Amino acid sequence: IPEEISLVGFGDYLTTPHLDPPLTTFAPPMRQLGEMTANYLIARVEKPSLLDHPMSQRIRGELLIRGSTAPVGGD
(Lines give C-alpha, C1' and ligand atoms only; values in the text may rest on other atoms or scores of the structure.)
Protein backbone atom coordinates (compact mmCIF):
# COMPACT_ATOMS: atom_id res chain seq x y z
CA ILE A 1 0.00 0.00 0.00
CA PRO A 2 -0.19 2.34 -1.89
CA GLU A 3 2.13 0.98 -4.59
CA GLU A 4 -0.18 -1.94 -5.46
CA ILE A 5 -3.52 -0.92 -3.97
CA SER A 6 -5.04 2.20 -2.42
CA LEU A 7 -6.99 1.84 0.80
CA VAL A 8 -9.62 4.26 2.15
CA GLY A 9 -11.42 4.06 5.48
CA PHE A 10 -14.70 5.54 6.76
CA GLY A 11 -14.75 7.57 9.95
CA ASP A 12 -11.68 9.48 11.04
CA TYR A 13 -10.82 7.66 14.24
CA LEU A 14 -8.01 8.91 16.47
CA THR A 15 -5.66 6.14 15.35
CA THR A 16 -6.00 6.44 11.56
CA PRO A 17 -3.37 9.17 11.09
CA HIS A 18 -0.89 7.10 13.12
CA LEU A 19 -1.08 3.87 11.12
CA ASP A 20 1.76 2.89 8.80
CA PRO A 21 1.00 4.17 6.24
CA PRO A 22 -1.49 6.72 7.59
CA LEU A 23 -5.00 5.75 6.41
CA THR A 24 -6.81 7.95 3.89
CA THR A 25 -10.27 8.41 5.38
CA PHE A 26 -13.70 9.82 4.63
CA ALA A 27 -14.65 11.79 7.73
CA PRO A 28 -18.40 12.40 7.99
CA PRO A 29 -19.78 15.00 10.42
CA MET A 30 -20.33 12.48 13.23
CA ARG A 31 -22.39 14.78 15.46
CA GLN A 32 -24.77 15.62 12.59
CA LEU A 33 -24.98 11.95 11.62
CA GLY A 34 -25.81 10.98 15.22
CA GLU A 35 -28.45 13.69 15.57
CA MET A 36 -30.13 12.73 12.28
CA THR A 37 -30.17 9.07 13.27
CA ALA A 38 -31.57 9.75 16.75
CA ASN A 39 -34.28 12.04 15.37
CA TYR A 40 -35.28 9.46 12.78
CA LEU A 41 -35.46 6.67 15.37
CA ILE A 42 -37.62 8.81 17.66
CA ALA A 43 -39.91 9.66 14.74
CA ARG A 44 -40.22 5.96 13.85
CA VAL A 45 -41.22 5.09 17.41
CA GLU A 46 -43.82 7.86 17.42
CA LYS A 47 -45.10 7.02 13.93
CA PRO A 48 -44.46 3.35 12.93
CA SER A 49 -45.82 3.97 9.42
CA LEU A 50 -42.46 5.59 8.62
CA LEU A 51 -41.22 2.03 8.11
CA ASP A 52 -43.06 2.17 4.77
CA HIS A 53 -40.95 5.15 3.67
CA PRO A 54 -37.18 4.64 3.96
CA MET A 55 -35.15 7.78 4.57
CA SER A 56 -32.31 8.88 2.34
CA GLN A 57 -30.20 11.94 3.07
CA ARG A 58 -26.89 13.23 1.82
CA ILE A 59 -24.27 14.49 4.18
CA ARG A 60 -21.10 16.37 3.40
CA GLY A 61 -17.90 15.10 4.87
CA GLU A 62 -14.21 15.56 4.28
CA LEU A 63 -11.81 13.29 2.42
CA LEU A 64 -8.55 13.25 4.38
CA ILE A 65 -5.89 12.08 1.93
CA ARG A 66 -3.00 10.36 3.67
CA GLY A 67 -0.36 7.80 2.82
CA SER A 68 -2.58 4.79 2.06
CA THR A 69 -3.56 6.13 -1.38
CA ALA A 70 -1.59 7.21 -4.43
CA PRO A 71 -2.42 8.54 -7.89
CA VAL A 72 -3.19 5.89 -10.49
CA GLY A 73 -0.04 4.99 -12.39
CA GLY A 74 -0.07 5.15 -16.18
CA ASP A 75 1.93 3.26 -18.78
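## Salt bridges and overall form

Arg 31 and Glu 35 pair in a salt bridge, with their closest N and O atoms 3.1 Å apart. A salt bridge here is a side-chain nitrogen of Lys or Arg within 4 Å of a carboxyl oxygen of Asp or Glu. The model is predicted: local features need pLDDT of at least 70, side-chain atom pairs count only at pLDDT 80 or more, and totals for chains, interfaces and linings use all residues. Residues are numbered from 1 along each chain as its sequence is written, and side-chain values use heavy atoms, with hydrogens and water left out.

Where do Arg 31 and Glu 35 sit? Both lie in helix α1 (residues 30–46), 4 residues apart, so about one helical turn separates them. Helices are DSSP runs of H or I with at least four residues; strands are runs of E with at least two; both are numbered from the N terminus.

How many salt bridges does a search of the whole structure find? The count is 2. The other pair is Asp 12 with Arg 66, at 3.1 Å from N to O. Asp 12 lies in the loop between β1 (8–10) and β2 (24–27), while Arg 66 lies in the segment after β3, so this pair ties together parts 54 residues apart in sequence. Side chains of opposite charge can pair when their charged atoms come close.

The table shows how open three of these residues are. Buried means under 20% relative accessible area, exposed over 50%, and partly exposed in between (1.4 Å probe, protein chains only).

| Residue | Relative accessibility | Class |
|---|---|---|
| Asp 12 | 35% | partly exposed |
| Arg 31 | 68% | exposed |
| Glu 35 | 42% | partly exposed |

Now the whole chain. It has 1 helix and 3 strands. Along the sequence, the pattern runs β-β-α-β. Strand β3 covers residues 62–64 and includes Leu 63.

The radius of gyration is 18 Å, whereas a compact globule of 75 residues would have one near 11 Å. This radius is taken over C-alpha atoms, and the globule rule is 2.2 Å times the number of residues to the power 0.38. The C-alpha atoms fill a box of roughly 55 × 30 × 15 Å along the principal axes. Of the 75 residues, 20% count as buried.

Contacts (heavy atoms within 4.5 Å) also span the sequence. Among those between residues at least 6 apart, 60% join residues at least 24 apart.
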